[in-house]
Amino acid sequence: MTLDRSGSRIDHLNVAVPDLAAAVAFYEPVLASIGITKMLQIPPNATPNQPTAMTGFGLAEVKPYFWLIDGGTVGTNMHVAFTVDTREDVAAFHDAALKAGATELLAPAVHPEYHDDYYGGFVLDPHGINLEAVCHKDTTD
């Protein structure tokens with residue numbers, strides 16, 4: 001029996017960026033390469049507890065779960081990994097990120113230090129966030 005490693009208990013994640021427009025311009029094509037779309041744009045002061053603009057990405061017809069928040073500071077060692085279904089999806093994400101201005105950290109490859117079928121590609125986004133697409137299945141069969 002193969003363990004399903006795709007699940008998560010994280011409902012949504014906010015990532016502060018210093019320049020929301022630049023971040024959205026980068027993330028929109030990169031996330032689209034793996035089926036994640038821009039879903040919501042919330043202006044500043046839309047609610048009393050939300051003074052800055054926000055843009056939410058997610059699965060169309062489902063919900064936004066990855067939010068970029070304007071006017072923030074990226075934390076040290078920030079890493080965000082997106083689960084994808086195939087190793088080809090990892091390559092598509094990696095290629096789209098490089099075309100959008102990311103810096104390569106690790107080309108798509110198997111990383112057995114995590115588990116035998118861990119296939120990931122890593123890039124550094126323009127704000128310094130370590131991004132990854134990862135497939136947890138051996139999809140080469």
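A residue counts as buried under 20% relative accessible area, as exposed over 50%, and as partly exposed in between. With 45% relative accessibility, D11 is therefore partly exposed. The structure discussed here is a predicted model, and every value below is computed from it.

**Salt bridges**

The cut-off for a salt bridge is a side-chain nitrogen of Lys or Arg within 4 Å of a carboxyl oxygen of Asp or Glu. By this rule the model holds 2 salt bridges. Side chains of opposite charge can pair when their charged atoms come close. The table sets out the two pairs.

| Pair | Closest N and O atoms | Source |
|---|---|---|
| D11 and K63 | 2.3 Å | salt bridge |
| E28 and K38 | 3.6 Å | salt bridge |

D11 and K63 form a salt bridge, and this pair links distant parts of the chain: D11 belongs to the segment before strand 1, K63 to strand 4 (residues 63-69), and the two are 52 residues apart. K63 has a relative accessibility of 29%, so K63 is partly exposed.

E28 and K38 form the other listed pair, with their closest N and O atoms 3.6 Å apart. This pair also links distant parts of the chain, with E28 in helix 1 and K38 in strand 2, 10 residues apart. E28 is partly exposed because its relative accessible area is 33%. K38 has a relative accessible area of 29% and is likewise partly exposed.

An open sheet with mixed pairing is formed by 4 strands in the order 1-4-3-2. Its edges are strand 1 (13-16) and strand 2 (37-42), each of which pairs on one side only. From one strand to the next, the twist averages 25 degrees.

Strand 2 runs antiparallel to strand 3 (residues 54-59), and 5 bridges join the two. Within this pairing, Q41 has T55 in strand 3 as its bridge partner. T55 has a relative accessible area of 2% and is therefore buried. Apart from its neighbours within four places in sequence, T55 is in contact with L20, V24, K38, L40, Q41, F66, W67 and L68. One of these contacts, K38, is the residue that forms a salt bridge with E28.

**Strand 5 and its partner**

In a regular strand the side chains alternate between the two faces of the sheet. Strand 5 pairs with strand 8 in the parallel sense, over 5 bridges. Opposite T83 stands V134 of strand 8.

Helix 2 covers residues 87-99, and its 13 residues should span 18 Å at 1.5 Å a residue; the end C-alpha atoms lie 19 Å apart, which agrees. An α-helix has 3.6 residues a turn, so residues three or four places apart point the same way. In helix 2 the buried residues are R87, V90, F93, H94, A96 and A97. The elements that cover these buried residues include helix 1 (20-32), strand 5 (79-83), strand 6 (103-110), strand 7 (119-124) and strand 8 (130-135). Strand 5 and strand 8, both named in that cover, are also paired in the parallel sense. Just after helix 2, G101 adopts a positive phi of about 115 degrees.

Definitions and conventions:
Residues are numbered from 1 along each chain as its sequence is written. This is a predicted model: local features need pLDDT of at least 70, side-chain atom pairs count only at pLDDT 80 or more; totals for chains, interfaces and linings use all residues. Side-chain values use heavy atoms; hydrogens and water are left out. Two strands pair if DSSP finds at least two bridges between them. Axes are lines fitted to C-alpha atoms, for helices over the stretch in contact, and angles run from 0 to 180 degrees between N-to-C directions. The expected span of a helix is 1.5 Å times one less than its number of residues. Buried means under 20% relative accessible area, exposed over 50%, partly exposed in between (1.4 Å probe, protein chains only). Contact means heavy atoms within 4.5 Å.
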